[in-house]
Each structure stands twice: as structure tokens, then as C-alpha cells.
Amino acid sequence: MLKKIVMIAIVLVIAGGAGYAYYWQSQQPVAYAGLTLAPQTVEYRFREEASVRAVKRGVVTSDVSGPILSVGPRLGDRVKAGDVIARVDVTELSAQVRQLEVQKKNIEAQWASQIETTRQQIAQLEAQKASGRAIDTTADILSQIALLERELSDDPSQSTGMSQYYRALLEQCDTQIRLLTEQLIRGGVFQEGPNDTRTMITDPPTLRAQLDAKYAERRSLEAQWVGHRDQTQTQIAQLRAQLSQNEKTGELSKDARHQVDNQISLLKKTMSTDEQSVTANLYRTMIEQTDVQIEEISRQLSGAVLSAPMSGVITRLSAETGGYIQKGALVLEIVDPANLEVECHVSTDDAAALKVGMEAALIWEKREGDKTFVGVVTDISPVAVQSVSALGLAEQRVRVKIKPTFPAEGAPGEGYGLSCEFVTHRVDGAIAIPKTALAKFDDRDAAWLIRDGALVCAPIQTGLETDRLIVVTSGLAAGDVVVLDASDETLAAGKLAMPK
């Protein structure tokens with residue numbers, strides 16, 4: 001019996017000790033990681049990748065096609081405005097100019113010869129009319145008929161004068177029509193530019209209008225040629241009538257005199273050089289078009305020597321000695337290394353807070369340590385463009401340009417990569433808590449405080465938010481101690497607590 005009493009006493013003592021220990025433990029404060037709040041400056045800043053680019057840059061394209069005789073500078077060389085970059089062989093173009101100059105002289109000589117021949121014909125007819133008797137000009141008339149019949153020949157090797165001219169013009173029209181058609185099929189005329197860009201210099205609607213105009217020009221030439229052939233046939237008929245009259249002897253009849261008058265009138269119109277003369281206008285047109293061709297090819301000849309349009313450094317060179325270059329092809333790109341800007345693309349949310357004149361930090365990451373330069377925002381694009389992020393997500397971004405303040409030496413150059421950091425919001429004397437300290441109480445923002453040795457859940461209002469901090473605009477004050485981990489499940493209002 002005594003043994004049982006002892007066992008019960010021992011159990012009671014142990015239970016009482018455990019109860020006391022539990023009670024004592026419950027009365028001790030729990031240590032939580034805490035932060036004593038103090039006023040501080042909170043800034044919202046973000047970084048974007050950026051690149052250094054030259055503000056002033058120039059490109060050289062070739063005005064001619066041909067073999068490249070020589071290329072002077074190399075990639076990376078400094079050149080001055082006007083320095084010779086390359087020379088293109090234009091021997092073929094020079095030969096074309098000489099050929100056109102000879103063609104022009106032949107046209108002028110042919111026109112002068114036709115005027116002289118017409119003058120002689122008029123003199124003979126005037127003499128015939130004055131004498132009142134037919135003059136035997138059979139040989140001259142047959143020669144004229146033969147020459148005019150050659151004008152009507154369908155054989156290009158037999159035709160002469162105006163027929164050759166019209167054939168040449170029609171061939172030129174056909175060549176230009178083929179070229180315009182090919183350009184239209186390709187979707188336009190493009191010119192190469194810097195950074196592998198292509199610029200459309202003639203769009204499809206313009207090409208279509210040019211093609212329609214060229215077809216209209218061809219139809220007009222065909223109509224003019226038909227008119228010329230009709231006029232030539234009329235001349236042949238009149239000459240044959242005159243030949244028939246020459247076979248007769250004696251005095252000219254009244255009809256014959258009238259016919260002679262008509263021939264004289266027609267020949268005078270042919271010989272006339274005024275603007276009403278069809279023949280004179282045709283020769284003028286031939287000479288003017290030949291002059292236009294000579295002028296165009298001469299202009300191309302001036303492009304045989306390619307020169308630097310500005311002083312700077314060659315950043316792209318696509319020509320080499322012995323190669324061949326096409327008209328309009330990019331030869332080189334030049335930049336001015338003394339006039340640089342930094343360009344980056346920021347999200348539309350961040351761009352809304354940027355302003356022209358705002359400062360930016362330009363960070364140049366190097367092995368021996370980062371260098372930071374100051375820049376000023378000079379331009380913010382009014383439009384956003386879609387780009388694809390490194391994660392493959394489509395996003396809208398805005399181009400921003402910054403004018404850097406680089407030292408004379410030891411600064412990044414054209415094409416260098418930088419990081420650009422902007423500060424868009426700043427709050428001085430702010431009370432801020434880490435994001436981990438933000439809690440929710442009745443769907444409102446709150447924070448756990450350690451106040452007078454116990455936990456208190458205080459409702460708060462928040463403002464500016466950064467990557468790590470949240471500015472508290474009301475509900476907290478300097479000196480308050482906040483629990484850093486608001487997700488701790490042991491947190492309870494009134495619970496004894498202390499910071500650690």
C-alpha cells in the first residue's frame with residue numbers, strides 16, 4: 001500500500017513539474033527576426049542593356065556598275081572628307097559616250113544633208129515652173145524614190161534615217177519596260193544602307209505609273225512612225241507623178257503647174273526649222289534624247305571615283321580591289337567617333353516615367369572593374385515597337401537616346417555594349433519595410449510589430465514599391481520594430497515576442 005502511495009506521489013510531482021515548466025515557457029517572449037525602422041531615401045531604379053552609336057554616319061553607294069580598279073583605305077581606318085575610297089573601271093561607259101557623240105554628229109549631218117537636198121529640189125521645181133516646161137530630172141527623182149523606199153523597208157539593215165531612229169527609240173522603250181517589269185515583280189527598287197538595312201527608293205505604285213507611262217510613250221512613238229511612213233509614201237507618189245510628167249515634152253499643163261506648186265510647198269515645210277515642222281521636230285527630238293543619254297552617262301562617269309562624304313572611321317567596307325560592284329550597291333559606312341550617343345530600349349511602363357533632360361548612369365563592365373559615366377536623355381521615341389525577350393516573350397519597347405559624357409581617352413566607342421540605369425522615382429525620409437514584412441489583415445495591407453514585448457498586427461498604407469522595399473505612407477513610424485518574415489505561421493496578436 002505504501003508502495004502505491006509513493007508511486008502516486010512521484011507521478012504527481014512529475015506532472016506538476018511539467019505543468020509548471022509549460023506555464024513558465026508560455027510566459028517567455030518568442031524571438032523573431034526584426035527590423036527597427038528609420039527614415040531613409042528610397043529610389044526606384046531599373047537597368048537596360050544599351051549600345052554606343054555614332055550620331056553622324058555616312059554611306060557611300062556606287063553610281064555605276066563595273067570592275068573595281070582599286071580600294072584605298074581598310075576597315076577601321078580614319079579618312080577625311082573627300083578622300084578617295086575606290087575607283088571603278090568605266091571604260092565601257094566612256095565608249096558609250098563616244099558612240100553617242102558620233103551618233104549625234106551623224107544626226108546633225110543627216111539633217112543638214114536633207115535640208116540641202118530639199119533646197120536643190122525646190123530650186124529645180126522653181127526653175128521648171130518659171131520656164132513653163134518640164135525639166136528632165138528623171139535620174140534625181142529615181143534616186144529620191146529609191147532612198148524613200150528604203151525608209152519603208154522592214155529590213156533594219158536596209159532602212160535609213162528616221163526609220164533607224166524610231167527603231168532605236170522603240171528598242172530603248174522595250175528595254176526600259178523589261179527593267180520596270182522586273183523591278184515590279186521584285187516588289188520595288190531597294191538601296192542597301194548601313195547595318196545591313198535596305199531602303200525602298202521606288203515603291204510598286206510608282207513603278208506601275210512609270211511602266212504605264214513607258215507603254216504610252218511606246219504607243220506614241222509607233223503612231224509617229226506610222227505618220228512618218230504615210231508621209232514618205234505620199235512623197236513617193238508625188239515623185240512618181242513628177243517622173244510621169246517628165247516623160248512628156250512641151251509646156252506644163254495647168255494641173256502640172258498646180259502639182260509643182262504643191263511639191264514646192266511640201267518641200268519647204270520639210271526644210272523648215274521652225275517648231276511647226278514635223279521633220280525638224282523629229283531631228284530635234286533625236287538630238288535632245290541623245291544629249292540626255294550623254295549627260296546621264298557622263299554623270300555616271302563622275303561616279304567612277306568614290307570619295308568619303310565625311311571625316312570619320314570606316315566601320316563597314318564591302319569593296320575590294322579586283323572585285324565587281326553593281327550600281328546602287330553599298331561600298332562603305334563611315335561614322336564620326338567624336339560624336340556618340342547611347343541607345344537603349346525600355347518597357348512602355350518604365351518609358352512613361354522618363355523625361356528628356358533626365359540623367360542616366362552608363363555602366364561599362366570591364367574585367368578590371370566597372371566604369372560609370374553620366375548621360376542625359378535627349379530623345380524618347382513617341383512610338384513603341386514589338387521585340388522578343390531572351391525568354392521568347394513578345395513585349396513592347398520604346399527607344400531612348402542618351403547623350404553621354406565620355407572622357408577623351410579610355411571611353412567606349414561605336415558598337416560597345418553598356419548598361420543604362422535610370423532613377424525615375426525618389427522619396428526622401430521615407431519609412432519603408434522589406435517586401436517580406438508585408439502581411440494581410442482583413443484583405444488590407446498590414447505589418448507585424450513587436451511592441452511592448454508583444455506582437456501587434458498594424459494596418460498600413462503603402463506607396464512607392466521597389467525590387468526590395470515598400471514605402472509605408474501611414475501606419476508605421478520611426479522606431480517601430482517590424483517582423484521581417486510575415487509568412488511565419490506562429491505569429492499571433494498579443495503573443496509575447498522580442499526581436500533578435
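Mentor: In this predicted model, P434 stands opposite L469, a residue of β24. The two strands concerned, β19 and β24 (residues 469-474), run antiparallel and are joined by 3 bridges. They belong to an open sheet of 3 strands, ordered β19-β24-β23 and paired in antiparallel fashion. Because β19 (432-434) and β23 (461-465) each have a single partner strand, both stand at the edges, and one side of each is left without a neighbour in the sheet. On average, neighbouring strands of this sheet are turned by 40° against each other, with direction ignored. As a general point, the strands of a sheet pair through backbone hydrogen bonds, in either a parallel or an antiparallel way.

Let us turn to the salt bridges. The structure holds 21 of them. One is formed by the side chains of E48 and R397, at 3.3 Å from N to O. Since E48 lies in strand β3 (residues 40-54) and R397 in strand β17 (residues 394-404), this pair ties together parts that are 349 residues apart in sequence. E48 has a relative accessibility of 15% and therefore counts as buried; R397, at 16%, counts as buried too. The side chain of R397 also meets that of E395 in a salt bridge, with an N to O distance of 2.9 Å. E395 is partly exposed, as its relative accessible area is 27%.

A further salt bridge brings together the side chains of D480 and R451, at 3.9 Å from N to O. This pair links distant parts of the chain, 29 residues apart: D480 is in the loop between β24 and β25 (481-483), whereas R451 is in strand β21 (residues 444-451). D480 counts as buried, with 16% relative accessibility, while R451 is partly exposed, with a relative accessible area of 38%.

The cysteines complete the picture. With two sulfur atoms required to lie within 2.5 Å, the count comes to 0 disulfides. C344 is accordingly in no disulfide, and the nearest cysteine sulfur, that of C420, is 4.4 Å away. C344 counts as buried because its relative accessibility is 1%. C457 likewise counts as buried, at 17% relative accessibility.

Note on methods: Residues numbered from 1 in each chain as written. Predicted model: local features only at pLDDT ≥ 70, side-chain atom pairs only at ≥ 80, totals over all residues. Heavy atoms only, no water. Pairing = 2+ DSSP bridges. Helix = DSSP H or I, 4+ residues; strand = E, 2+ residues; numbered from the N terminus. Axes fitted to C-alpha atoms, helices over the stretch in contact; angles between N-to-C directions. Buried < 20%, exposed > 50% of the residue type's maximum accessible area, 1.4 Å probe, protein only. Salt bridge = Lys/Arg side-chain N within 4 Å of Asp/Glu carboxyl O.
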